[in-house]
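Please walk through this protein model with me.

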Amino acid sequence: MKVYHNTTRKIFLASWVLLNQTQQDAPAAQMHRPSAKPEFGILQSIRRWLDNVPIRDRQLAHRLCKFIPSQCPFERDVKLFGKTLFHIPPMCKLNPVYEELVGLRFRALCYLADECGEDVTQYC
């Protein structure tokens with residue numbers, strides 16, 4: 001006898017859905033819902049600024065590609081007499097604006113390759 005043959009037929013799903021919700025009830029329901037991210041803050045404004053930096057200058061694009069590393073510079077293997085003692089993991093993901101900096105570097109690389117027609121393999 002298989003257990004799943006007797007139990008799967010009797011499963012039902014319950015849901016708390018109000019079908020006749022009016023327009024007036026919607027703002028009250030939204031007031032009690034906490035937001036996951038703060039709407040205003042210094043980090044949000046820095047992220048927004050980094051996402052909106054225009055790349056229109058060849059020298060600026062070269063500087064961004066030089067200053068923003070392609071890999072995390074903090075990742076290391078600590079060795080003593082040729083033996084690895086321990087490994088320091090990459091900590092760049094802890095940077096709150098890491099994704100925006102990587103995106104800025106990528107946009108600079110794309111500008112150099114697409115608009116200027118330059119070879120960007122030196123930055124990879």
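Leaving aside neighbours within four places in sequence, Tyr 123 is in contact with His 62, Cys 65, Lys 66, Ser 70, Arg 105, Leu 109 and Leu 112. Contact here means heavy atoms within 4.5 Å. This is a predicted model: local features need pLDDT of at least 70, side-chain atom pairs count only at pLDDT 80 or more, and totals for chains, interfaces and linings use all residues. Residues are numbered from 1 along each chain as its sequence is written, and side-chain values use heavy atoms, with hydrogens and water left out.

Where does Tyr 123 sit? Tyr 123 is found in the segment after H5. Helices (H or I, at least four residues) and strands (E, at least two) are DSSP runs, numbered from the N terminus. Tyr 123 has 9% relative accessibility, so it counts as buried. The classes are simple: buried means under 20% relative accessible area, exposed over 50%, and partly exposed in between (1.4 Å probe, protein chains only). Ser 70 lies 53 residues from Tyr 123 along the chain, yet their C-alpha atoms are separated by 7.5 Å.

Two polar contacts involve the side chain of Tyr 123. One, of 2.6 Å, joins it to the side chain of His 62. Another, of 3.4 Å, joins it to the side chain of Gln 122. A polar contact is a pair of N or O atoms within 3.5 Å; within protein, one must be able to donate a hydrogen and the other to accept it, and residues adjacent in sequence count only if both atoms are side-chain atoms.

Is His 62 buried or exposed? His 62 counts as buried because its relative accessibility is 18%. Beyond its neighbours within four places in sequence, His 62 is in contact with Leu 112, Glu 118, Gln 122 and Tyr 123.

Ala 61, His 62, Leu 64 and Cys 65 are buried in H4. They cover an arc of only 165 degrees around the axis, so they are on the same side of H4. The arc is that of the directions from the helix axis to the C-beta atoms. The buried residues of H4 pack against helix H5, residues 98-115.

The face of H4 turned away from its buried side carries the exposed residues Gln 59, Lys 66 and Phe 67. Take Gln 59: its relative accessible area is 51%, so it is exposed.

**The nonpolar core**

Which residues touch the most other members of the largest nonpolar core? Of its 16 residues, they are Ile 55, Ala 61, Leu 64, Cys 65, Leu 104, Leu 112 and Tyr 123. H4 and H5 are the elements that give two or more residues to this core. H5 supplies the largest share, five residues. A nonpolar core is a set of buried Ala, Val, Leu, Ile, Met, Phe, Trp, Tyr and Cys residues joined through side-chain atoms within 4.5 Å. Leu 64 touches Ile 55, Leu 104 and Ala 108, not counting residues up to four places away in sequence.

**The disulfide**

A search of the whole structure finds one disulfide. It joins Cys 72 to Cys 92, with an S to S distance of 2.5 Å. The cut-off for a disulfide is a pair of cysteine sulfur atoms within 2.5 Å. Cys 72 lies in the loop between H4 and strand E1 (76-80), and Cys 92 in the loop between strand E2 (83-88) and H5, so the pair ties together parts that are 20 residues apart in sequence. The torsion about the S-S bond is about 90 degrees, so the disulfide is right-handed. Cys 72 is buried, with a relative accessible area of 16%. Cys 92 is buried too, at 14%.

Cys 110 is partly exposed, at 26% relative accessibility.

**The whole chain**

Step back. The protein chain has five helices and two strands. From the N terminus on, they run α-α-α-α-β-β-α. Buried residues make up 17% of the 124 residues.
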